[in-house]
Amino acid sequence: MARLESKNTYTERLHLPALGYVQINFYSCAALCYELYKSTDEITRQSSIPHLGLIAREYSGSQHTRWEYAALQCAIIDIIDRIHKGNPEIGLGSIKIDGDAIPGSELLKSWALLSNFGHCRNTFADEKAIMNLLRRSNAERRAFIATIPSGDLKDYAKNIVSNYIYAEFHWCVTLIRVRRELKKYSRNKKPIEELVRLLKTYGNSTNVNLEKLTQLRRMFALVRKLAIVAIDSRNSHLPTTFDLSAAILGMDLSEQRTTGQSIESIVNPIMGMLTDLLYADKNVLCLMRDYEVQAAAPAGSVGSVQACLDGIANGLVSPFQPSLRHIHRQLIPVSRERDIHDERRRSERLIRGLGSVRVQVDDNAIQGKRYVDFIAPAEGVASSDVGQWIYVACRNLFNSISFNARERANIHLKERDWWKQRLSDEGVDRKRIARVDREYIERLNVEVDVRDIIEQRCAAVVSSVMQMILRPKYSASIEPTTLDGCSFGLQIIRDGRLVVDQYLDEIDALIQEARDPGRENELQLLRMQRRPKGMWFRLACFDRILVLDTTRPPEKRRVTDIDGLTVTVSGSRVRVDLYEAKVPGSGSTSAAKKELRSNVKPILRDAVLSGNRVTGHVRGGRMRLVLDA
């Protein structure tokens, strides 16, 4: 093994978010990596780019630089080393490698520097664009893997690409940069590759104390989390604060032996929230996908290896002008069977033919959620485009309900198989087992209840539909009219059979509970809608939908309200009905029609309004605006 240290010592003095002014010393193996930074002017590069990449475009408060983030990790390592020196659980100490004692703190700093050395200018946006190229082209994948050092590092890189582990891809870029940017006969190449190997691939070696190495790896993972939570939560819109100094003082992992708790039990929930509200924000993922699409051509034209170097220097797309808008989000459980690249391709196959719609997928591993976002062009929207978007939202609501029904059914079916085997082992007669089995299947049809899923998912679909049909400056929110929350109806027909029927009974129950004649009148209007020929999907929002103008002051934002909404799909044809009901009386029908024409039509997109019509029922002053796409 090459010698992993430099004889020089270097010092950085700077002001860091969450810590203030600090002095960081680099010696031993950390000095080796600091020399790499100096020879490539890396500190200047990292000081000019935001740590969060494209997220900084969406959230102006998240402008801290990548160098601030990298240096914060190194400062945290120094503080831990001083405060917890001698602690057998979290004291960094030293590790023997080939007989040489390497300070644990300097090994962790070297990992922090090398990790950030491989991040492109736009972080995951550039890196995912390159990974997409590698997944599309076997030739590019072979050429890329050929540039990675042989042995276990090459196997590590293959695993990252084949499983689309984009959060680890920057380590591959680090290895490529080291080989490309250091002089041909530089003595530092091998030591730096060994430092990466120590973190990522060492598992069985007599040259290293593996128990100590495992502890240092765990500490590095914790340092990264502490730095992320401290700097990203501090510089974002999130309603949370994190006391980094208190966390470091109280991070004694020896508590685990008696209480089962550690600092990670505090950090992980905040990481999950950061992912949900910041890293995987729907507009952020829309920007990411937009960038990936635009970066596909420049990455393909120069090849994956050069694309890594271009991404490091200026980014693959410069300047980047967003051209897509978010239209719908679907939440599903994280899947072990499909990585996010395969999930995206699968989702795009399901909507094949809707050429303007694209898909972005990402995971929140801590919360167990997978985000599936549907994205379409922001400009030049046609009526047929809106129909396609709504069809996608409805189709995915059906897929989500089907998935959850199968998951719940599988739990019962495993129990059923266990009982059949047990009865058979006990010598029970086959006919009796078959009778018990039939009874179990009949009960299963009743027990697989997906009403809670319908309530969760319908709200998201109704919100998405309103977002699709309203002009950009307007937003919509559902106003519950009962204490039980929002009310929705859903019918799904497959192969001529009503497989989900929570519609008329739901309306009738709400009509029975209604104490306001106006409310009862609104529900009666929704109940009167007939099923179109060939319909396989019908969704209704039984509550009022409030429309707000987001450009006005809070007290003046209310524009109008819509008394109800239905979405029906016949084949691939989509129809949206917006309802307005007035209490029966003289002039009520005209008043309802005027309400729709004067207050509702002006807030709808031009593309939506093409070919629409206002129809209604004379009795009871009930009117609806029909949007056919």
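**Strand pairing and core**

Modeller: Glu 479 stands opposite Arg 544, a residue of strand 12. This is a predicted model, where local features need pLDDT of at least 70 and side-chain atom pairs count only at pLDDT 80 or more, while totals for chains, interfaces and linings use all residues. Residues are numbered from 1 along each chain as its sequence is written, and side-chain values use heavy atoms, leaving out hydrogens and water.

Biologist: How many bridges join strand 8 to strand 12?

Modeller: Six bridges, and the two strands run antiparallel. Strands are DSSP runs of E with at least two residues, numbered from the N terminus; two of them pair if DSSP finds at least two bridges between them.

Biologist: Which strands are at the edges of the sheet?

Modeller: Strand 8 (474-479) and strand 13 (558-562) each pair on one side only. The open sheet has the order 8-12-13.

Biologist: Changing topic, how many residues has the largest nonpolar core?

Modeller: That core has 163 residues, and Ile 390 is among those with the most contacts inside it. A nonpolar core is a set of buried Ala, Val, Leu, Ile, Met, Phe, Trp, Tyr and Cys residues joined through side-chain atoms within 4.5 Å; buried means under 20% relative accessible area with a 1.4 Å probe, counting protein chains only.

Biologist: What is Ile 390 in contact with?

Modeller: Leaving aside neighbours within four places in sequence, the contacts of Ile 390 (heavy atoms within 4.5 Å) include Val 465, Met 468 and Val 574.

Biologist: And what share of the chain is buried?

Modeller: Of its 629 residues, 54% count as buried.

How values were computed:
Buried < 20%, exposed > 50% of the residue type's maximum accessible area, 1.4 Å probe, protein only. Helix = DSSP H or I, 4+ residues; strand = E, 2+ residues; numbered from the N terminus.
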